[in-house]
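Look over the model below.

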Amino acid sequence: MTAMRRFFAGGWLTAYAFLYIVFLYLPVIFLPIFSINTAPTPKFPLTGYTLKWYEDLPKTPALLDAAWNSLIVGVSASVLATLLGILAARSITRYRYPGRRTINGLIMAPLVLPEIILAISMLLVMLQLGLSLSLFTVVLGHVLICIPYSMTVLTAGFEGFDRSLEEASADLGESAFGTFRRVTLPMVAPAIISSLLVCFTISLDEFVIAFFLTGTETTLPIYIWGQLRFAAKLPGVLALGTLLLVASFVLMTVAEILRRRAARRTQNEGGLYA
Amino acid sequence: MTAAAERSPAFGMTRARRNALLQSESVQGFALISPTFVYALILLVLPILVVLAHSFWTQHYLTIDHTFTLENYRIALTEPIYRDLLWRSLYISLTVSFFTVILAYPIAYFISFHGGRHKSLWLFLITIPFWTSYLLRVMSWKVILGYNGVLNSGLMGLGIIDEPSTALLYNSSAVIITLTHAWAAFAILPIFVSLEKVDRTLVEAATDLGDGPLHSFLRVTLPLSAPGVISAALIVMIPTVGDYVTPKLVGGKDGVMIANAIQAQFGKAANWPLGAALSVTTMLVVSLMAGATVLIIRAIQRLAR
């Protein structure tokens with residue numbers, strides 16, 4: 001009786017879970033659907049299949065500039081944020097010291113603060129310091145919001161890391177750097193690559209901070225924002241948006257696979273030999 | 001090695017050595033985190049202090065007058081336009097966090113209690129849309145709710161309505177729907193984590209002592225997962241109050257929020273001190289609302305026991 005009741009409770013929940021997944025995915029799926037539709041307005045019924053909106057993309061110089069800028073910003077921000085994330089995550093997981101929690105809380109704070117507040121406060125400081133707004137200032141802003149994500153991925157990868165392996169390496173005469181390069185790094189490499197991918201994805205998709213901190217250069221989200229004013233440009237934006245969706249999806253899937261591998265590698269020693 | 005040293009008779013020396021070791025550990029740990037810490041100080045703490053300072057100054061055209069004044073706060077709190085925008089932003093973020101938590105709880109419960117071997121797959125499925133560009137997700141709602149949009153054309157195709165409805169887009173409901181969708185994953189994760197920590201034997205004990213499934217859920221599982229509900233509510237409430245993109249794209253005239261006013265002060269209106277005061281006020285008020293939410297959820301939790 002209880003088993004049956006539990007099954008029904010679970011059944012309702014399962015149905016709800018599937019509905020919820022539909023609710024999460026449905027809006028996003030309309031972008032690719034209408035990006036291959038011949039009609040320039042996104043409405044039903046669909047009029048026909050075309051790739052012309054995609055073919056037009058490489059013919060837009062402003063778009064190519066924005067894509068190049070996004071690539072530069074994304075690579076710089078993800079490398080910097082991951083470097084700073086490695087230092088902090090290593091310190092948090094390896095050492096115990098007073099003020100550790102407070103510092104960690106401060107570093108994680110951008111995650112829960114409204115982006116507009118982060119953006120305008122950084123804008124004010126940069127203008128006061130006499131920095132001219134450029135892709136460099138966007139990178140500075142993106143690093144700040146990427147560090148919390150990088151920390152989350154990296155602390156998970158570093159936790160449960162077996163310190164005796166490093167001690168063994170040191171006892172066998174390896175230098176501190178040698179130990180890091182030959183023992184620590186291979187163990188945490190998947191987490192580091194995962195952090196790089198996560199940060200790159202965030203930077204690639206981020207709009208508000210880039211919008212406030214950039215000068216005349218545009219990144220892809222800023223380019224899309226500019227195009228949204230023109231109804232006629234919508235199909236092109238949908239096509240570009242679809243490409244961005246696919247990029248984020250692929251990057252995050254790879255990051256997730258690597259993150260799991262990292263967790264497995266550090267959390268059971270058997271994993272290395274299995 | 002260390003175990004042997006601890007058991008050695010020279011106890012005092014070991015302790016001194018251990019203290020020295022601890023101290024060097026602290027120094028090492030702090031040195032290692034300091035670059036990241038300094039980065040956060042320069043790009044987070046310093047900027048917030050600068051905003052705070054600006055909120056007490058005034059601006060004449062392009063020069064900032066550094067005399068202390070509360071004038072900006074008076075404007076921020078009494079001018080009807082800013083007061084209305086602030087209230088609306090608070091109302092929207094409260095509604096959005098309520099709906100995201102209510103909708104997210106059953107999912108988190110399902111994954112935690114019925115997820116079985118596929119727990120991480122479910123979590124991955126739920127977080128994936130969240131990693132796609134926020135701007136694009138808002139844009140897709142514009143496509144759905146628009147006058148010539150998916151919903152209107154779909155309903156017309158089905159013969160449910162005769163002409164496109166304008167009531168769907170450009171109002172605060174559109175903002176609430178879009179934000180509820182955008183922040184869904186953020187609410188699920190903390191609730192899931194707290195449900196994972198619920199001791200399953202307690203639930204069994206409640207059942208053995210005669211509580212039905214509903215009772216044992218209300219009296220054991222729900223109160224024990226309250227911390228997750230609290231952090232989910234806060235993690236949605238605080239960022240959404242300052243959302244800029246959603247009101248701008250789907251809010252129309254009736255969905256404008258405080259972030260749009262703040263942006264205007266740093267853009268067209270070029271009144272940084274007022275923009276700063278609006279930002280500080282928003283943060284203070286949303287913190288108060290967040291604090292009140294925590295107290296209310298805790299009170300309910302105590303009642304449930």
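In this predicted model, 66 residues of chain B are in contact with 68 residues of chain A. Which elements of chain B give two or more residues to that side? They are helices H2, H4, H5, H6, H7, H12, H14 and H15 of chain B. H2(B) supplies the largest share, 20 residues. By class, the side of chain B that touches chain A has 45 nonpolar, 19 polar and two charged residues.

Now take chain B as a whole. Chain B has 15 helices and two strands. Its C-alpha atoms fill a box of roughly 85 × 65 × 35 Å along the principal axes. The radius of gyration of chain B is 26 Å, whereas a compact globule of 305 residues would have one near 19 Å. Buried residues make up 42% of the chain. Among contacts in chain B with a separation of 6 or more, 72% join residues 24 or more positions apart.

Next, one helix pair. Two packed helices are described by the angle and the distance between their axes. The axes of H4(B) and H8(B) come within 9 Å and cross at roughly 40 degrees. The two helices are therefore oblique to each other. Their crossing is right-handed. The table lists the residues that make the contact.

| Helix | Residues in the contact |
|---|---|
| H4(B) | B:Arg88, B:Ile92, B:Thr95, B:Val96, B:Phe99, B:Thr100 |
| H8(B) | B:Ser172, B:Val175, B:Ile176, B:Leu179, B:Thr180 |

By class, this contact of H4(B) with H8(B) has six nonpolar, four polar and one charged residues.

Methods: Residues numbered from 1 in each chain as written. Chains lettered and ligands numbered in written order. Predicted model: local features only at pLDDT ≥ 70, side-chain atom pairs only at ≥ 80, totals over all residues. Axes fitted to C-alpha atoms, helices over the stretch in contact; angles between N-to-C directions. Helix = DSSP H or I, 4+ residues; strand = E, 2+ residues; numbered from the N terminus. Parallel < 35°, antiparallel > 145°, perpendicular 65-115°, else oblique. Left-handed = near helix turned anticlockwise from the far one by under 90°. Contact = placed C-beta atoms within 7 Å. Nonpolar A, V, L, I, M, F, W, Y, C, P; charged D, E, K, R; others polar. Rg over C-alpha atoms; globule rule 2.2 N^0.38 Å. Buried ≥ 20, exposed ≤ 12 C-beta atoms within 10 Å, placed from the backbone.
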